[in-house]
Amino acid sequence: MITVKNYVKPGTLEEAYEMNQKRANRIIGGMMWIRMGRGNVNTVIDLSGLGFDQITETETEFRIGCMSTLRQLETHSGLKETFGDFFKECTRHIVGVQFRNGATVGGSIFGRYGFSDILTAFLVLDTKVKLYKKGIVPLSEFIRMDRDRDILEELIVAKDGRKAVYLSERRSQTDFPVLTCAASEKDGTVLLSIGARPMKADVTETTIDEMEQAADTFTYGSNMRGSGEYRKHLGRVLAGRAKKALEEGNV
Ligand SMILES: Cc1cc2nc3c(=O)[nH]c(=O)nc-3n(C[C@H](O)[C@H](O)[C@H](O)COP(=O)(O)OP(=O)(O)OC[C@H]3O[C@@H](n4cnc5c(N)ncnc54)[C@H](O)[C@@H]3O)c2cc1C
(Lines give C-alpha, C1' and ligand atoms only; values in the text may rest on other atoms or scores of the structure.)
Protein backbone atom coordinates (compact mmCIF):
# COMPACT_ATOMS: atom_id res chain seq x y z
CA MET A 1 0.00 0.00 0.00
CA ILE A 2 1.14 3.54 -0.55
CA THR A 3 0.32 6.46 1.71
CA VAL A 4 -0.14 9.85 0.11
CA LYS A 5 -0.02 13.04 2.19
CA ASN A 6 -1.19 15.64 -0.32
CA TYR A 7 -3.01 15.71 -3.65
CA VAL A 8 -2.59 18.57 -6.12
CA LYS A 9 -4.03 19.29 -9.53
CA PRO A 10 -1.70 21.89 -11.08
CA GLY A 11 -3.01 24.52 -13.48
CA THR A 12 0.11 24.57 -15.67
CA LEU A 13 2.76 22.12 -16.81
CA GLU A 14 5.51 24.32 -15.34
CA GLU A 15 3.87 24.07 -11.93
CA ALA A 16 3.60 20.28 -12.32
CA TYR A 17 7.22 20.04 -13.46
CA GLU A 18 8.52 22.14 -10.54
CA MET A 19 6.64 20.02 -8.01
CA ASN A 20 7.86 16.82 -9.64
CA GLN A 21 11.52 17.75 -9.11
CA LYS A 22 11.17 16.83 -5.44
CA ARG A 23 11.90 13.12 -4.96
CA ALA A 24 9.10 12.74 -2.43
CA ASN A 25 6.49 13.85 -5.00
CA ARG A 26 5.08 11.91 -7.95
CA ILE A 27 3.18 12.53 -11.14
CA ILE A 28 0.12 10.29 -11.41
CA GLY A 29 -1.59 9.01 -14.54
CA GLY A 30 -4.44 6.67 -13.61
CA MET A 31 -2.53 5.58 -10.46
CA MET A 32 -3.04 1.98 -11.54
CA TRP A 33 0.60 0.99 -11.18
CA ILE A 34 1.63 3.37 -8.40
CA ARG A 35 -1.08 2.12 -6.08
CA MET A 36 0.39 -1.42 -6.29
CA GLY A 37 3.60 -0.14 -4.69
CA ARG A 38 4.62 0.53 -1.11
CA GLY A 39 5.85 3.55 0.81
CA ASN A 40 5.05 7.19 1.38
CA VAL A 41 4.49 9.88 -1.20
CA ASN A 42 4.44 13.47 -0.06
CA THR A 43 2.39 14.91 -2.93
CA VAL A 44 0.79 13.24 -5.93
CA ILE A 45 0.58 15.52 -8.95
CA ASP A 46 -2.54 14.91 -11.03
CA LEU A 47 -2.20 16.05 -14.66
CA SER A 48 -5.89 15.63 -15.43
CA GLY A 49 -6.61 19.38 -15.40
CA LEU A 50 -4.20 20.17 -18.24
CA GLY A 51 -6.21 18.98 -21.24
CA PHE A 52 -4.07 15.96 -22.16
CA ASP A 53 -6.93 13.48 -22.14
CA GLN A 54 -7.74 13.48 -25.87
CA ILE A 55 -6.60 11.74 -29.04
CA THR A 56 -6.62 14.24 -31.89
CA GLU A 57 -6.22 13.45 -35.57
CA THR A 58 -5.01 15.54 -38.51
CA GLU A 59 -4.28 14.61 -42.14
CA THR A 60 -0.76 13.55 -41.19
CA GLU A 61 -0.69 12.41 -37.56
CA PHE A 62 -2.36 11.44 -34.31
CA ARG A 63 -1.60 13.27 -31.08
CA ILE A 64 -2.32 11.12 -28.08
CA GLY A 65 -2.39 13.07 -24.81
CA CYS A 66 -0.63 11.46 -21.86
CA MET A 67 -3.90 11.23 -19.88
CA SER A 68 -5.73 9.40 -22.68
CA THR A 69 -6.69 5.98 -21.41
CA LEU A 70 -5.89 2.57 -22.84
CA ARG A 71 -9.61 2.22 -23.50
CA GLN A 72 -9.50 5.34 -25.69
CA LEU A 73 -6.69 3.73 -27.72
CA GLU A 74 -8.73 0.58 -28.03
CA THR A 75 -11.91 2.26 -29.25
CA HIS A 76 -10.75 5.33 -31.20
CA SER A 77 -12.37 5.29 -34.65
CA GLY A 78 -9.54 7.17 -36.39
CA LEU A 79 -6.89 4.78 -35.03
CA LYS A 80 -9.04 1.86 -36.11
CA GLU A 81 -9.46 3.27 -39.61
CA THR A 82 -5.72 3.89 -39.98
CA PHE A 83 -4.23 0.86 -38.20
CA GLY A 84 -7.05 -1.72 -38.32
CA ASP A 85 -7.22 -3.94 -35.21
CA PHE A 86 -3.69 -3.06 -34.09
CA PHE A 87 -4.70 -0.98 -31.05
CA LYS A 88 -7.53 -3.29 -30.09
CA GLU A 89 -5.10 -6.23 -30.09
CA CYS A 90 -2.45 -4.52 -27.97
CA THR A 91 -4.93 -3.38 -25.32
CA ARG A 92 -7.71 -5.94 -25.06
CA HIS A 93 -5.79 -8.42 -22.86
CA ILE A 94 -4.84 -5.82 -20.27
CA VAL A 95 -6.83 -6.75 -17.15
CA GLY A 96 -10.36 -5.56 -18.05
CA VAL A 97 -12.39 -2.68 -19.43
CA GLN A 98 -12.70 -0.88 -16.10
CA PHE A 99 -8.95 -1.04 -15.64
CA ARG A 100 -8.30 0.21 -19.18
CA ASN A 101 -10.65 3.12 -18.50
CA GLY A 102 -8.22 4.21 -15.78
CA ALA A 103 -4.72 3.28 -17.00
CA THR A 104 -3.16 6.02 -19.12
CA VAL A 105 -0.97 6.10 -22.20
CA GLY A 106 1.47 8.46 -20.40
CA GLY A 107 1.87 6.12 -17.42
CA SER A 108 2.30 3.12 -19.73
CA ILE A 109 5.00 4.70 -21.88
CA PHE A 110 6.85 6.74 -19.23
CA GLY A 111 6.98 3.66 -16.98
CA ARG A 112 8.88 1.69 -19.69
CA TYR A 113 7.70 -1.56 -18.12
CA GLY A 114 9.30 -4.78 -19.33
CA PHE A 115 5.92 -6.43 -19.79
CA SER A 116 4.33 -3.55 -21.70
CA ASP A 117 2.08 -4.40 -24.63
CA ILE A 118 1.71 -0.66 -25.22
CA LEU A 119 5.43 0.06 -25.55
CA THR A 120 5.89 -2.93 -27.86
CA ALA A 121 3.10 -1.67 -30.11
CA PHE A 122 4.10 1.99 -30.41
CA LEU A 123 7.70 1.03 -31.27
CA VAL A 124 6.73 -0.24 -34.73
CA LEU A 125 4.89 2.95 -35.66
CA ASP A 126 6.56 6.27 -36.44
CA THR A 127 6.11 7.42 -32.83
CA LYS A 128 7.65 10.39 -31.08
CA VAL A 129 7.22 11.41 -27.46
CA LYS A 130 6.83 15.04 -26.49
CA LEU A 131 8.55 15.71 -23.18
CA TYR A 132 8.02 18.99 -21.35
CA LYS A 133 11.72 19.84 -20.95
CA LYS A 134 13.51 17.66 -23.50
CA GLY A 135 11.08 18.32 -26.34
CA ILE A 136 10.21 15.87 -29.12
CA VAL A 137 12.22 12.62 -29.13
CA PRO A 138 11.68 9.43 -31.19
CA LEU A 139 10.23 6.68 -28.98
CA SER A 140 13.10 4.35 -29.95
CA GLU A 141 15.50 6.92 -28.42
CA PHE A 142 13.31 7.59 -25.40
CA ILE A 143 13.46 3.92 -24.31
CA ARG A 144 17.26 4.20 -24.09
CA MET A 145 17.32 7.47 -22.15
CA ASP A 146 18.05 7.53 -18.42
CA ARG A 147 14.98 7.85 -16.22
CA ASP A 148 14.46 11.40 -15.04
CA ARG A 149 11.72 13.65 -13.66
CA ASP A 150 10.50 15.16 -16.93
CA ILE A 151 6.82 15.01 -17.93
CA LEU A 152 5.52 13.17 -20.96
CA GLU A 153 2.92 15.43 -22.59
CA GLU A 154 1.82 13.38 -25.58
CA LEU A 155 2.72 10.84 -28.24
CA ILE A 156 2.85 11.87 -31.88
CA VAL A 157 2.14 9.05 -34.34
CA ALA A 158 2.58 9.64 -38.07
CA LYS A 159 -0.07 8.49 -40.51
CA ASP A 160 2.49 7.24 -43.02
CA GLY A 161 0.57 4.40 -44.60
CA ARG A 162 2.29 1.56 -42.78
CA LYS A 163 0.41 -1.64 -42.04
CA ALA A 164 0.85 -3.03 -38.56
CA VAL A 165 0.06 -6.21 -36.66
CA TYR A 166 0.13 -7.00 -32.94
CA LEU A 167 0.41 -10.38 -31.21
CA SER A 168 1.08 -11.57 -27.68
CA GLU A 169 1.33 -14.85 -25.83
CA ARG A 170 -0.16 -15.25 -22.36
CA ARG A 171 -0.44 -18.24 -20.07
CA SER A 172 -4.00 -17.19 -19.30
CA GLN A 173 -6.30 -14.37 -20.35
CA THR A 174 -5.56 -11.00 -18.68
CA ASP A 175 -2.26 -12.20 -17.18
CA PHE A 176 0.94 -10.31 -17.92
CA PRO A 177 2.30 -11.47 -21.30
CA VAL A 178 5.00 -14.13 -21.67
CA LEU A 179 6.05 -12.39 -24.88
CA THR A 180 4.78 -9.49 -26.98
CA CYS A 181 5.40 -8.90 -30.66
CA ALA A 182 4.50 -6.11 -33.07
CA ALA A 183 5.47 -5.63 -36.69
CA SER A 184 4.83 -3.03 -39.34
CA GLU A 185 5.65 -2.84 -43.03
CA LYS A 186 6.11 0.15 -45.28
CA ASP A 187 7.77 0.17 -48.73
CA GLY A 188 9.43 -3.21 -48.06
CA THR A 189 10.91 -2.20 -44.70
CA VAL A 190 9.67 -4.04 -41.65
CA LEU A 191 9.97 -2.87 -38.05
CA LEU A 192 9.81 -5.76 -35.60
CA SER A 193 9.43 -5.15 -31.90
CA ILE A 194 9.53 -7.81 -29.19
CA GLY A 195 8.82 -7.17 -25.51
CA ALA A 196 8.27 -8.96 -22.21
CA ARG A 197 11.52 -10.84 -23.01
CA PRO A 198 11.17 -10.25 -19.97
CA MET A 199 13.21 -7.10 -20.58
CA LYS A 200 11.38 -4.11 -22.05
CA ALA A 201 10.50 -4.03 -25.71
CA ASP A 202 13.07 -3.17 -28.33
CA VAL A 203 12.74 -2.73 -32.07
CA THR A 204 14.79 -3.78 -35.09
CA GLU A 205 14.58 -3.09 -38.82
CA THR A 206 14.28 -6.04 -41.17
CA THR A 207 12.45 -7.32 -44.27
CA ILE A 208 9.40 -9.54 -44.63
CA ASP A 209 11.59 -12.51 -45.63
CA GLU A 210 13.95 -12.10 -42.67
CA MET A 211 11.43 -11.57 -39.87
CA GLU A 212 11.91 -14.92 -38.13
CA GLN A 213 15.71 -14.60 -38.25
CA ALA A 214 15.37 -11.03 -36.92
CA ALA A 215 13.41 -12.40 -33.93
CA ASP A 216 16.49 -14.54 -33.08
CA THR A 217 18.66 -11.43 -32.74
CA PHE A 218 16.79 -10.23 -29.61
CA THR A 219 18.02 -11.20 -26.16
CA TYR A 220 15.62 -13.40 -24.19
CA GLY A 221 15.66 -14.13 -20.48
CA SER A 222 13.83 -16.20 -17.89
CA ASN A 223 11.34 -15.38 -15.17
CA MET A 224 8.38 -17.09 -13.48
CA ARG A 225 6.39 -16.98 -16.77
CA GLY A 226 8.89 -18.76 -18.98
CA SER A 227 12.51 -19.57 -19.75
CA GLY A 228 14.74 -17.68 -22.15
CA GLU A 229 14.78 -20.70 -24.43
CA TYR A 230 10.98 -20.87 -24.52
CA ARG A 231 10.76 -17.14 -25.20
CA LYS A 232 13.23 -17.40 -28.06
CA HIS A 233 11.09 -20.13 -29.61
CA LEU A 234 7.95 -18.00 -29.09
CA GLY A 235 9.71 -15.01 -30.65
CA ARG A 236 10.18 -16.96 -33.88
CA VAL A 237 6.61 -18.24 -33.80
CA LEU A 238 5.06 -14.80 -33.23
CA ALA A 239 7.35 -13.19 -35.84
CA GLY A 240 6.27 -15.93 -38.29
CA ARG A 241 2.59 -15.25 -37.59
CA ALA A 242 3.14 -11.51 -37.95
CA LYS A 243 4.91 -12.13 -41.28
CA LYS A 244 1.97 -14.18 -42.52
CA ALA A 245 -0.50 -11.50 -41.48
CA LEU A 246 1.50 -8.77 -43.24
CA GLU A 247 1.91 -10.88 -46.39
CA GLU A 248 -1.78 -11.71 -46.55
CA GLY A 249 -2.82 -8.14 -45.73
CA ASN A 250 -4.60 -9.57 -42.71
CA VAL A 251 -3.93 -6.48 -40.57
C1 LIG B 1 -2.42 -5.68 -12.22
C2 LIG B 1 -1.84 -5.01 -13.44
C3 LIG B 1 -1.74 -5.71 -14.62
C4 LIG B 1 -1.22 -5.10 -15.76
N5 LIG B 1 -1.11 -5.82 -16.92
C6 LIG B 1 -0.58 -5.23 -18.01
C7 LIG B 1 -0.44 -5.96 -19.23
O8 LIG B 1 -0.77 -7.14 -19.35
N9 LIG B 1 0.07 -5.31 -20.31
C10 LIG B 1 0.47 -4.00 -20.25
O11 LIG B 1 0.94 -3.45 -21.25
N12 LIG B 1 0.35 -3.29 -19.10
C13 LIG B 1 -0.14 -3.89 -18.00
N14 LIG B 1 -0.23 -3.17 -16.83
C15 LIG B 1 0.27 -1.77 -16.82
C16 LIG B 1 -0.87 -0.80 -17.10
O17 LIG B 1 -1.38 -1.02 -18.38
C18 LIG B 1 -0.38 0.64 -17.00
O19 LIG B 1 0.62 0.86 -17.96
C20 LIG B 1 0.25 0.95 -15.68
O21 LIG B 1 -0.56 0.44 -14.66
C22 LIG B 1 0.42 2.48 -15.54
O23 LIG B 1 -0.81 2.96 -15.14
P24 LIG B 1 -1.22 4.47 -15.00
O25 LIG B 1 -1.42 5.05 -16.34
O26 LIG B 1 -2.34 4.49 -14.05
O27 LIG B 1 0.09 5.19 -14.42
P28 LIG B 1 0.46 5.50 -12.91
O29 LIG B 1 0.42 4.24 -12.10
O30 LIG B 1 -0.29 6.65 -12.41
O31 LIG B 1 1.98 5.96 -13.13
C32 LIG B 1 2.96 5.04 -13.57
C33 LIG B 1 4.36 5.74 -13.57
O34 LIG B 1 4.41 6.68 -14.63
C35 LIG B 1 4.66 7.99 -14.13
N36 LIG B 1 3.84 8.87 -14.98
C37 LIG B 1 2.51 8.75 -15.27
N38 LIG B 1 2.15 9.65 -16.19
C39 LIG B 1 3.26 10.37 -16.48
C40 LIG B 1 3.51 11.45 -17.37
N41 LIG B 1 2.57 11.96 -18.17
N42 LIG B 1 4.76 11.94 -17.42
C43 LIG B 1 5.74 11.43 -16.62
N44 LIG B 1 5.55 10.39 -15.78
C45 LIG B 1 4.33 9.88 -15.71
C46 LIG B 1 4.26 7.95 -12.67
O47 LIG B 1 4.97 8.89 -11.90
C48 LIG B 1 4.66 6.52 -12.31
O49 LIG B 1 6.03 6.43 -12.07
C50 LIG B 1 -0.76 -3.76 -15.69
C51 LIG B 1 -0.85 -3.04 -14.50
C52 LIG B 1 -1.40 -3.65 -13.36
C53 LIG B 1 -1.50 -2.84 -12.11
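User: What should I know before starting?

Analyst: This is a predicted model, in which local features need pLDDT of at least 70, side-chain atom pairs count only at pLDDT 80 or more, and totals for chains, interfaces and linings use all residues. Residues are numbered from 1 along each chain as its sequence is written, and side-chain values use heavy atoms, with hydrogens and water left out.

User: Which domains does the assignment give?

Analyst: Domain bounds come from an automatic or database domain assignment. Here that assignment gives domain 1 (2–49), domain 2 (55–111 + 118–158) and domain 3 (163–248). The centres of domain 1 and domain 3, taken over C-alpha atoms, are 34 Å apart.

User: How do I read a pocket, and how much space lies in the largest pocket?

Analyst: Work on a 1 Å grid over the protein atoms alone: a pocket is an open set of points with protein on both sides within 12 Å along at least five of seven lines. A cavity, by contrast, is a set of points where a 1.4 Å probe fits but cannot get out. Lining residues have an atom within 4 Å of a point. Grid points are joined across faces, edges and corners, and a volume is the space filled by probe spheres set on the points. In this model the largest pocket holds about 1,000 Å³. It is lined by 45 residues, and the closest to its centre are Trp-33, Gly-107, Ser-108, Gly-111 and Tyr-113.

User: Which elements supply its lining?

Analyst: Helices (H or I, at least four residues) and strands (E, at least two) are DSSP runs, numbered from the N terminus. Strand S2 (25–28), helix H6 (105–111) and helix H7 (117–122) each supply at least two residues of the lining of the largest pocket. H6 gives the largest share, five residues.

User: How is the lining of the largest pocket divided by class?

Analyst: Ala, Val, Leu, Ile, Met, Phe, Trp, Tyr, Cys and Pro count as nonpolar; Asp, Glu, Lys and Arg count as charged; the others, Gly among them, count as polar. The lining of the largest pocket has 23 nonpolar, twelve polar and ten charged residues.

User: How much space lies in the second largest pocket?

Analyst: About 200 Å³. Its lining has 14 residues, and the closest to its centre are Leu-123, Leu-125, Asp-126, Ser-140 and Leu-191. Strand S6 (127–131), helix H8 (139–142) and strand S11 (189–195) each give two or more residues to that lining. By class, the lining of the second largest pocket has seven nonpolar, three polar and four charged residues. Domain 2 and domain 3 each give at least three residues to it.

User: How do I judge a helix such as H10? What is its span?

Analyst: The expected span is 1.5 Å times one less than the number of residues. Helix H10 (residues 228–248) has 21 residues and reaches 30 Å from its first C-alpha to its last, close to the 30 Å expected. Gly-249 follows H10 and has a positive phi, near 70°.

User: Which residues of H10 are buried, and what do they pack against?

Analyst: Buried means under 20% relative accessible area, exposed over 50%, and partly exposed in between (1.4 Å probe, protein chains only). The buried residues of H10 include Arg-231, Leu-234, Leu-238, Lys-243 and Leu-246. Contact means heavy atoms within 4.5 Å. The buried residues of H10 pack against strand S9 (163–169), strand S10 (179–186), S11 and helix H9 (211–216).

User: What backbone angles deserve a look?

Analyst: Most residues other than glycine have a negative phi, and most peptide bonds are trans. Val-95 has a positive phi, near 55°. Val-95 lies in the loop between helix H4 (86–91) and helix H5 (97–100) and is partly exposed, at 47% relative accessible area. Ala-196 also has a positive phi, about 55°. Ala-196 is in the loop between S11 and S12 and is buried, at 2%. A cis peptide bond joins Arg-197 and Pro-198, with omega about 10°. Pro-198 sits in the loop between S11 and strand S12 (202–206).

User: Is Ile-143 buried or exposed?

Analyst: Ile-143 counts as buried because its relative accessible area is 3%. Its place is the loop between H8 and strand S8 (152–158). Setting aside residues up to four places away in sequence, Ile-143 touches Arg-112, Leu-119, Leu-123, Lys-200, Ala-201 and Asp-202.

User: And is Asp-187 buried or exposed?

Analyst: Asp-187 counts as exposed because its relative accessible area is 71%. Asp-187 lies in the loop between S10 and S11.
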